[in-house]
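These notebook entries record what I looked up, chain by chain and contact by contact.

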Amino acid sequence: MREVMGIQGGWYALLLGACLLGGAGHTLAAKVKLEPSNWGHPAGEACASCHAKSSAGLTQQWQDGAHAKAGVNCMDCHQAAPGDSDAITHEGQVIATIVSPKDCGRCHVSEVEESQGSVHAEAVAVVGDRLKALADNLTGPAVQAAGCDQCHGSVVKVRGDGTLDPATWPNSGIGRVNPDGSKGSCSACHGRHEFSRAQARDPAACVRCHAGPDSPDKEVFEASKHGMAYVAHRDKMNLGSDTWVAGKDYSAAPTCATCHMGAAGKLPASHDVGMRDAWRLNSPVSEKQYLIMFTDGDKRDLPASQEPPKRGAQFEKNDGTQAEVKFVVPPDRRRQAMQSVCLECHSKAVTEGFMKQFDNVVELFNAKFAIPARDLMADLYAAGKLTPLPFDEPIELTYWELWHDEGARARHGAAMASPNHAWWEGMYLVGRNFYTRFLPQVREVAGADAQALIDRHVTTKDQHQWLKDGQQTNPILGFGKREAGGG
Amino acid sequence: MVRLRAPLFITRHVLFALVAGGLAGILFMAFLIEFDHFTSSNAFCTNCHSMALAEDSYKTSVHYNNASGVRASCGDCHVSEGVFSATWDHAVGGKDLLKQIKGSLFGPDYDDPVINALHLPEAAFAARRWFKDRDSATCKRCHDQDAIQGKRADTAAIHRDEAAGKTCIDCHINLVHRKVPGAETFKRDAWNVMIEQEFGLKPGEAAERFGGH
């Protein structure tokens, strides 16, 4: 990894980044600093009076929440200008159904600033290329609204008659592209209309999307010591507390929010959920990543294999436009931010040892399986043995799942301390599928060139030499003898 | 003895004129009543193809199709009660007939589904103003606000409390015909794009055809 700046400079960047991302740089959750005269829209009382009858459930949720207690009413969030593309007239008021981050950001300034440019806010761009191949071709476009878009977010379309296109709405996907151009959906995690702190800090806030074969974070967390401690000590978690600093306001267990967003020691809370991720784990081959901060407040990740831009340079943002670089946070600083959470409960040696075990799994996955598989596929495409179209040949699904499903499970299992996912649900399946599904399919597709290809990318590599020693015995299958000196 | 005697100016001719005029007046009133009745019927209204287009959405609405079999005709909603008001409404409505005839010769042809859809919002805004100006009088021919129960728990309470001081059309728009946004938030460009997509027109074609009159 390239050194972008000196150690001092790096820490400065981290702290500066932390200050920027965490609001005022203190350890408390950012407070709404606006004068209460900014809310309490006079028409809002009339909304509540009717909606208490017409939709009693959501009105009750609002009444139970902090908004109602502070005097924030329906109109404060739902008001719109007549010229807004999604404005509608409703009982004499001009409102919008969708409350976008821009609306929430009128009061919750720092949270929205932090989230912009994060992996959450950019979740639509992340799957931009995949939608055609997966949703349209492999299944059918009809699944997009109910499936993909519910997590990643839809590009909300307002029809000419003012209604929201049901192909894009209802939707509370985290990267939703709103009619006002803003990206994200606060209600993805902060369930409407109570917007409870405790609910958002609970791992249940994340599992609607972070579960299942490709991002089994729910399963991984539940199978870890962290998850075990959380279930056992949930009553000590202080989930509804005004401030929620790990090690100070609670110490029984971490939740997703603790490590990925929460305040800990001097590390401020941040709504940029990916800021502390040193690795990119959901990719064919994992790479460590820079965090590039732009002067306009936007940001993006950049793989560590690429040359990072200099401070003050123009650089491409996620949306393809250019902006001035404010500073670059290297992967080890991102790791340090994450570790500062660990250190609230663990020793430095345990923390660093854990990270080493995690990194080793990622590097093993990369070197032994991900890179050879990627190179084999590249050769098959280059030789015209496969059509460029994804998923019309069975090997393409095998390859996809190798990194996207079992490969992701292995890496996430190691990252979040679930031995079961690191091994049985992860690397075991990676190994099994690589040797017994992927390579046989390579042989089938490559025909006469198969052995040369596999030799070049697999069998000549150190980690695959065990295949050549067919006479090694082991009683694991009930045959063979234990090797002398073996355990 | 006092003899009842017609004033001297009531001559035979005057008497004849009075009787004839009275009879003619009665006949004229009867004619107006019949005329209003006939011209309020669905069959008359949908004689024009442009109105047949409005009928499509009407036929999918509860005002046409419902379990009780009560069916509101065009005139039940769009023509005022009482022979004078009804006649006035029909006289005003006559301008639409003129436009319709004119459209068959030159200018916008409202029988063309595209032209019809492009002009629909302004028609809807005018209709809403009409209902509002009359305190939703034609709705109240059948609906009595005090008697509304609804199917959900609090519908009656909402019509008692929150609807106080409001008139039906304030809340109940887009009940029967194709959905049109409120005038305040209506966006002509977005509407045109929707119509272009619906009818497979080229971008900009809607504005051209809408503005071409």
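What share of the contacts in chain B between residues at least 6 apart in sequence join residues at least 24 apart? I found 67%, with two residues in contact if their C-beta atoms, placed from the backbone, lie within 7 Å.

I noted that this is a predicted model, in which local features need pLDDT of at least 70, side-chain atom pairs count only at pLDDT 80 or more, and totals for chains, interfaces and linings use all residues. Residues are numbered from 1 along each chain as its sequence is written, while chains are lettered from A and ligands numbered from 1 in the order in which they are written.

Entry on chain B. I counted 10 helices and 0 strands (DSSP runs, H or I of at least four residues for helices, E of at least two for strands, numbered from the N terminus). The radius of gyration of chain B, taken over C-alpha atoms, is 24 Å, well over the 17 Å of the globule rule for 213 residues, so chain B is more spread out than a compact globule. That rule is 2.2 Å times the number of residues to the power 0.38. I found the C-alpha atoms of chain B in a box of roughly 90 × 55 × 30 Å along the principal axes.

Entry on the contact of the chains.

Entry on a helix pair. I looked up α18 (residues 394–415) and α19 (residues 419–446) of chain A, whose axes come within 8 Å and cross at roughly 160 degrees. Axes are lines fitted to C-alpha atoms, for helices over the stretch in contact, with angles from 0 to 180 degrees between N-to-C directions. The two helices are therefore roughly antiparallel (over 145 degrees; under 35 is roughly parallel, 65 to 115 roughly perpendicular and the rest oblique).
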